[in-house]
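Here is a short briefing on one protein chain. Take a look at the model before reading on.

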Amino acid sequence: MKARHQPAPITVTHPEEVDMARVRLFREPPWMLRLTIDGDRSYTRVKVVRAAPLSHPNRYISLLDEKDEEVCMISDLKEMAEDMRAIVEEELDRRYLTSTVQRVLSMRNEFGTSYWDVETNRGRREFVVQNAAESAQWMGEHRLLLVDVDGNRFEIPDLRELDRKSLSLVEIVL
């Protein structure tokens, strides 16, 4: 009979609950982040990661140290000071590379394939979506994620925030 390998013990660490008023984030050249808590504890090479990227993109943001261990969690980006929130949002945009659709300039649908021309947070983009039933994913009641034929993601965070023309074009596909 073969000896069975015992699984390694799992170590669970629970980061300290930290009041966001005690936390400061600093950008250090070239693209490094430094985190301080109460001005006395400092962490370098901080990474910003979504704990629940699809269900709660603006909540439960983990700040990891250089060893990829969680230092603290931001339960809601709205709790952060505006300057630090801007740094966190910039890092999340860089990590997840999802373009946010701000306006639909044009869209045409031909035999299940739709051709999009949109204004995004990264500038104007054109992309193609095949079979919207499979490529358009509802991420909440008003949040939509489109995946183009190349696997790029285009998010509409809240359909209610689109202008009328953009909304009418999106509704054609859905």
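Which residues does Val88 touch, not counting residues up to four places away in sequence? Val88 touches Leu25, Val48, Ile61, Ile74, Leu77 and Met80, where contact means heavy atoms within 4.5 Å. This is a predicted model: local features need pLDDT of at least 70, side-chain atom pairs count only at pLDDT 80 or more, and totals for chains, interfaces and linings use all residues. Residues are numbered from 1 along each chain as its sequence is written, and side-chain values use heavy atoms, with hydrogens and water left out.

**Overall make-up**

- The chain has 3 helices and 12 strands. Both are DSSP runs numbered from the N terminus: helices are H or I with at least four residues, strands are E with at least two.
- Of the 174 residues, 38% count as buried. Buried means under 20% relative accessible area, exposed means over 50%, and partly exposed lies in between (1.4 Å probe, protein chains only).
- Take the contacts in the chain with a separation of 6 or more: residues 24 or more positions apart account for 34% of them.

**Nonpolar cores**

- A nonpolar core is a set of buried Ala, Val, Leu, Ile, Met, Phe, Trp, Tyr and Cys residues joined through side-chain atoms within 4.5 Å.
- The largest such core has 24 residues. Leu35, Ile74, Met80 and Val88 touch the most other members.
- Two or more residues each come from strands S1 (23-28), S2 (32-37), S4 (47-50), S5 (59-64) and S6 (70-76), and from helix H1 (82-96).
- H1 gives the most to this core, with 5 residues.
- A second, separate core has 18 residues, including Val129, Phe154, Leu159 and Leu169.

**The three-stranded sheet**

- S4, S5 and S6 form an open sheet of 3 strands in the order S4-S5-S6, with antiparallel pairing. Two strands pair if DSSP finds at least two bridges between them.
- S4 and S6 are the edge strands, and each pairs on one side only.
- The twist averages 25° from one strand to the next. Axes are lines fitted to C-alpha atoms, for helices over the stretch in contact, and angles run from 0 to 180 degrees between N-to-C directions.
- S4 and S5 run antiparallel and are joined by 4 bridges. Lys47 has Leu64 in S5 as its bridge partner.
- H1 lies across S4, S5 and S6, running at about 70° to S4.

**The six-stranded sheet**

- 6 strands form an open sheet in the order S9-S8-S7-S12-S11-S10, with mixed pairing.
- S9 and S10 (136-138) stand at the edges with a single partner strand each, so one side of each is left without a neighbour in the sheet.
- Here the twist averages 35° from one strand to the next.
- S7 (residues 99-110) and S8 run antiparallel, joined by 8 bridges. Glu110 has Thr113 in S8 as its bridge partner.
- Helix H3 (residues 164-173) packs on the sheet and touches S7, S8, S11 (144-147) and S12. The direction of H3 makes about 55° with that of S7.

**Aromatic and charged groups**

- A search of the whole structure finds 2 aromatic pairs. Rings of Phe, Tyr and Trp (its six-membered ring) pair if their centres lie within 6.5 Å; planes under 30 degrees apart count as stacked, over 60 as edge-to-face and the rest as tilted.
- Trp116 and Phe127 are stacked, at 5.7 Å centre to centre and 5° between the planes.
- Trp116 lies in S8 (residues 113-120) and Phe127 in S9 (residues 123-130), so this pair ties together parts that are 11 residues apart in sequence.
- Trp116 counts as buried at 4% relative accessibility. Phe127 is also buried, with a relative accessible area of 4%.
- Phe127 and Phe154 have ring centres 3.8 Å apart and planes at 10°, so they too are stacked. This pair links distant parts of the chain: Phe127 in S9 and Phe154 in S12 (residues 153-156), 27 residues apart.
- Trp116, Phe127 and Phe154 form one aromatic cluster.
- The charged end of Arg108 sits over the ring of Tyr115, 4.3 Å from its centre. The test asks for NZ of Lys or CZ of Arg within 6 Å of the ring centre and within 35 degrees of the ring normal.

**Asn58**

- Asn58 is in the loop between S4 and S5, and is partly exposed with a relative accessible area of 43%.
- Asn58 and Leu77 are 19 residues apart in sequence and 5.8 Å apart in space, C-alpha to C-alpha.
- Leaving aside neighbours within four places in sequence, Asn58 is in contact with Asp76 and Leu77.
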